[in-house]
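Keep the structure open while reading.

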Amino acid sequence: MKRLYGIRGAVTAENTKDSITESTVELCEKLFALNSLKPEDFVSVQFTLTNDLDEMNPCAALRRAYKGMDVSRIPLFCAQEAFIKGGLAKVIRILITAYMEEGAQPKNVYLKGASQLRPDFKDDIAEK
């Protein structure tokens with residue numbers, strides 16, 4: 001039996017189309033693989049960006065550059081992250097809503113310095 005889960009992650013990027021695309025794809029590749037997600041598992045994928053990233057929408061980046069599966073039928077959405085004084089800059093955050101087997105342990109992923117956003121996820125993937 002499957003149930004609905006939320007899977008979180010974040011990555012930093014430079015404010016260029018290439019960097020936002022590369023970081024978005026890297027984050028999604030790891031999240032999708034670690035959680036064994038298939039297109040039919042997804043309900044939606046929501047991204048947020050800090051206000052200093054305005055060169056590329058991560059939804060468009062994922063649709064154009066991700067080759068691991070067909071994401072064209074997965075509802076993707078992006079919004080600007082609320083500005084918080086002293087918050088980490090140049091961050092792309094993701095929330096995946098997907099069905100996984102009951103009792104699954106969703107694996108969250110924080111890359112390229114974004115692990116400081118969630119030190120409580122110390123056992124989750126955090127690199128670079």
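**Layout of the chain**

The protein chain contains 2 helices and 6 strands. Read from the N terminus, these elements come in the order β-α-β-α-β-β-β-β. The model is predicted.

As for overall dimensions, the C-alpha atoms occupy a box of roughly 40 × 35 × 25 Å along the principal axes. The radius of gyration of the protein chain is 14 Å, which agrees with the value near 14 Å that a compact globule of 128 residues would have. Of the 128 residues, 43% are buried. Among contacts with a separation of 6 or more, 81% are between residues 24 or more positions apart.

Next, the surface and the charges. The protein chain has an accessible surface of about 7,200 Å², and carbon and sulfur atoms account for 50% of this.

**Helix H1**

Helix H1 covers residues 17-34, 18 residues in total. From first C-alpha to last, H1 reaches 26 Å, close to the 26 Å expected at 1.5 Å a residue. Which residues of H1 are buried? They are Ser19, Ile20, Thr21, Ser23, Thr24, Val25, Glu26, Leu27, Cys28, Leu31 and Phe32. These buried residues pack against strands E1 (2-12), E2 (42-49), E4 (91-101) and E5 (109-111), and also against helix H2 (58-65). After H1 comes Ser36, which has a positive phi, near 50 degrees.

Definitions and conventions: Residues numbered from 1 in each chain as written. Predicted model: local features only at pLDDT ≥ 70, side-chain atom pairs only at ≥ 80, totals over all residues. Heavy atoms only, no water. Helix = DSSP H or I, 4+ residues; strand = E, 2+ residues; numbered from the N terminus. Rg over C-alpha atoms; globule rule 2.2 N^0.38 Å. Buried < 20%, exposed > 50% of the residue type's maximum accessible area, 1.4 Å probe, protein only. Contact = heavy atoms within 4.5 Å. Areas by Shrake-Rupley, 256 points an atom, 1.4 Å probe, with all protein chains shown as cover. Expected span 1.5 Å × (residues − 1).
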